[in-house]
Amino acid sequence: MKQFFYSLVTVVTIIAAPLRADIDVQEVTSPLGFKAWLVEDHTIPFMSLRLGFKGGASLDRAGKRGSVNLMMALLEEGTDDLDGRGFAREVDELAASFNFDASGDSVSVSARMLSENRDAAIALLKGAVAAPNFDQVAIDRVKGQVLSILQSDLKDPNEIAQTAFNKAAFGDHPYGSTLSGTAVSIESLTRKDIQNAHRDTMARDRVFVSAVGDITAEELGALMDTLLEDLPETGTAMPERVEFGLKPGITVVPYETPQSVALFGHRGIKRDDPDFFAAFIASNILGGGGLDSRLMEEVRDKRGLTYGVYSFLSARDHAELVVGQVASANDRVGAAIDVIKDEWARLVNEGVSQEELDVTKTYLTGAYPLRFDGNGPIANILVGMQMQGLSKDYINTRNDNVNAVTLKEINRVIKDVYLPDDLHFTVVGKPEGLE
Amino acid sequence: MRFGLRLAVPVLALFSAPLSAFAETVRWDDQVSTFNLDNGMEVVVIEDHRAPVVVHMMWYRAGSADEKPGVSGVAHFLEHLLFKATDTMEAGEFSRTVAVNGGSDNAFTSYDYTAYFQRVASDRLELMMKMEADRMVNLRLTEADILTEREVIIEERNQRTENDPGALFGEQANAALYMNHRYGVPIIGWRHEMETLELEDTLEYYEQFYAPNNTILIVAGDVTPEEVKELSERHYGPLAANPDLESRVRPQEPLHNAERRILFEDPRVAQPYVRRSYLAPARDSEDQKTAAALMLGANLLGDGQTSFMSQKLQFEEKIAVFASAFYRGTSLDDASFTTVIVPVEGVSLNDAEAAMDRVIAEFMEVPIDLDHLNRIKRAMRASEVYAKDNVQGLANRFGRALTSGLTVKDILVWPDVVEGITEDNIKTAMRDVLNKKSSVTGWLTSGAEAVQ
């Protein structure tokens with residue numbers, strides 16, 4: 001067994017009480033009824049603001065795949081008063097920064113702005129969020145950029161693997177296709193489609209807000225009302241649930257490149273499942289970052305078969321899976337896959353040891369408070385928690401939940417969650433010995 | 001082998017070294033302090049007391065450009081190997097110890113530096129120093145480490161470079177730009193040389209460059225200079241300097257007097273483009289103005305959608321999907337200034353390159369848009385406010401600059417230098433750089449499209 005403590009215990013006590021995330025979250029309700037989580041910190045004269053709208057790119061209408069993603073890319077391309085370059089000039093003028101992003105479960109807005117010109121920055125941001133003009137010239141230009149990215153994706157082994165795996169796993173559900181759309185769907189999008197995507201996704205009934213930094217609760221309330229009052233009351237219906245549909249086995253997508261990329265996985269566990277914390281710890285032991293995982297140890301450290309291998313629990317809003325990735329030279333990827341399968345089986349057959357459990361708990365509980373690192377990252381975490389339906393108290397109880405998992409419990413949960421016979425590998429490249 | 005000797009000295013020094021009574025701490029402002037240890041280690045402390053966290057970074061003034069010919073990739077290979085065993089720690093134990101303490105750790109190698117860092121709760125700082133000091137001198141590599149880890153770095157090269165035609169193209173373009181300097185050799189190494197890297201190669205590099213007088217220690221976060229001083233003297237102070245460390249004089253570029261062109265074809269290329277790199281002066285301790293002017297010039301010419309190239313090529317002529325210019329001036333020796341144009345479908349690389357040349361020429365001819373220049377300067381001032389929110393970013397800024405021949409003062413006055421740059425400064429600096437005879441123009445294509 002490993003002796004990783006022995007040389008240092010004499011000097012420094014290694015396992016101490018984990019640091020607590022010293023984060024004071026206030027729940028703010030604006031005069032118009034918008035809610036936000038706020039962490040006030042007046043040390044540096046700026047604040048980070050984050051808006052998350054649940055639903056995201058999975059709300060694309062039938063035949064309009066890519067419309068939400070394109071819409072988000074167009075928010076900074078002009079408002080009722082300014083064209084795209086005018087907007088960019090104003091943002092620079094205020095030394096603010098705005099980012100607009102689309103993912104499968106949400107669309108989000110991340111902004112940071114100086115205290116000295118916050119009102120002007122919010123007025124500008126409001127133009128983008130509530131009154132984008134989706135000018136046809138901008139639509140055509142940004143379409144060109146998306147098409148260029150799509151073309152590149154068709155020749156990127158990672159993207160090819162992702163696309164093939166998702167299609168096979170989720171079929172016609174939005175999770176089964178890339179949120180950027182296809183050349184055909186993008187070409188067909190009209191200005192009307194973009195406006196629909198905006199109205200469908202960025203509505204008051206699905207927005208979550210957080211702010212961190214130099215702002216008071218009262219100021220934040222007024223700010224939210226200004227920023228969000230013109231958004232539609234409701235958006236479109238949320239997508240349906242979908243079951244992971246990929247059968248066990250190996251699929252090879254032939255592609256001429258020296259290193260094969262393999263994606264692998266099977267069905268997973270819901271975020272609100274009572275067994276989630278146990279599964280989460282097991283996932284870290286098998287394929288997580290931070291501590292050298294079993295997969296990294298066996299595939300990389302002992303055998304030099306890859307630069308990186310990982311696996312994790314993906315608990316999305318409408319489906320959940322256990323998923324992982326590895327990349328190895330074409331003549332070695334078969335060996336890497338064998339080791340991964342063996343480790344999956346060993347995890348289920350032998351379980352984890354008390355020592356692995358303890359060390360992983362120490363890592364996870366110690367690392368948690370370190371995530372609350374700077375205004376932007378904290379704002380991001382706070383919106384993520386709200387979207388997952390967690391209470392602000394979660395920050396204080398999360399480590400207790402990790403620590404409460406027993407050896408018996410984790411080894412029972414592993415047998416439910418990890419399914420060696422269900423693993424499917426999608427391999428892109430010219431893998432030797434695989435068909 | 002000088003190992004034994006260097007190992008022996010610290011034990012002695014532990015009891016005999018004077019506790020640096022003369023090494024005075026310089027407080028540059030309310031955030032940054034510096035001092036030196038007697039063995040030549042430079043220490044920078046960047047304070048941020050908002051959260052009980054520190055970043056502990058060890059920067060070596062040694063990167064891939066300090067390698068001797070024939071062993072390209074050895075600096076990066078050694079970086080991987082520093083996570084293997086020492087006299088008192090097992091392979092992998094370093095990272096595992098950081099992790100069980102709730103921290104994260106990693107390392108990176110560049111042309112001019114190799115750096116190792118950990119992010120941990122501030123009460124674990126001493127443990128980090130103890131372990132980092134240990135692996136600076138006590139590494140115990142085996143043949144088995146070499147054989148397995150060499151496969152890992154080759155897979156890393158596969159992943160980063162061989163599987164990405166854009167990266168292969170960049171590698172060839174760099175090799176053409178630098179005719180004599182090691183910047184022309186990829187950091188990860190040429191594949192055929194990586195395959196033959198041996199234990200002795202890594203040890204030679206380790207013995208030559210891994211010593212306290214070749215390092216900069218940066219500690220950023222919830223600590224005071226007094227704490228860092230005490231702990232660093234305790235753990236790093238006993239390490240012996242390497243008296244044979246030579247100054248970093250590396251082969252320099254000759255006069256460039258021939259325009260170079262490369263054509264890179266790969267069927268995996270989805271989006272052809274043209275990239276031109278010009279040899280350019282680096283940010284220099286005696287003259288930061290030229291670099292500041294080039295940085296502002298690159299911003300005006302090709303950073304973001306309000307830039308000159310973007311306006312002309314993307315918005316007006318609609319000939320490019322993307323067009324940009326950038327200058328990375330923080331390097332020990334000559335840097336580069338690069339422009340890129342990604343044409344829209346149906347526009348040939350030939351026409352795209354001609355359009356890029358025309359727009360660059362026009363930029364040099366017309367007066368600089370002063371509103372634009374002022375917006376950029378204002379954004380740079382504001383970025384100093386935002387930078388305070390990320391001490392790891394600040395630590396990186398100091399590490400990169402200090403390993404590139406700059407001083408703490410250079411770093412701290414940089415915003416003022418940028419502020420003082422005039423449109424004349426920009427034009428003059430750019431005129432000197434935008435000389436095709438010291439440039440490489442590269443076309444990246446799938447080989448399917450007609451190149452002329």
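Analyst: Let me begin with a term: the expected span of a helix is 1.5 Å times one less than its number of residues, and helices (H or I, at least four residues) and strands (E, at least two) are DSSP runs, numbered from the N terminus. This is a predicted model, in which local features need pLDDT of at least 70 and side-chain atom pairs count only at pLDDT 80 or more, while totals for chains, interfaces and linings use all residues. Residues are numbered from 1 along each chain as its sequence is written, and chains are lettered from A and ligands numbered from 1 in the order in which they are written.

User: ok, so how far does H13 of chain A reach?
Analyst: Helix H13(A), residues 375–387, has 13 residues and spans 19 Å from its first C-alpha to its last, which is close to the 18 Å expected. After H13(A) comes A:Gly389, whose phi is positive, near 80 degrees.

User: and which of the residues in H13(A) are buried?
Analyst: A residue is buried if 20 or more other C-beta atoms lie within 10 Å of its own, exposed if 12 or fewer, and partly exposed in between, with C-beta atoms placed from the backbone. In H13(A) the buried residues include A:Ile378, A:Ile381, A:Leu382 and A:Gln386.

User: what covers them?
Analyst: The cover over the buried residues of H13(A) includes strands S2 (35–40), S3 (46–54), S5 and S6 (207–213) of chain A.

User: switching to chain B, why is strand S6 largely enclosed?
Analyst: Eight of the eight residues of S6(B), residues 114–121, are buried, so this strand is largely enclosed by the rest of the structure.

User: which strands pair with S6(B)?
Analyst: Two strands pair if DSSP finds at least two bridges between them. S4(B), residues 53–60, is joined to S6(B) by eight bridges and runs antiparallel to it, and S5(B), residues 104–109, is joined to S6(B) by six bridges, also antiparallel. S5(B) and S6(B) form a hairpin with four residues between them.

User: what stands opposite Ala115 of chain B?
Analyst: B:Trp59 stands opposite B:Ala115, and B:Phe108 stands opposite B:Ala115 as well.

User: last one, how many residues does each chain put into the contact?
Analyst: Chain A gives 60 residues and chain B gives 54 residues, where two residues are in contact if their C-beta atoms, placed from the backbone, lie within 7 Å. On the side of chain A that touches chain B, the largest share, seven residues, comes from H12(A).
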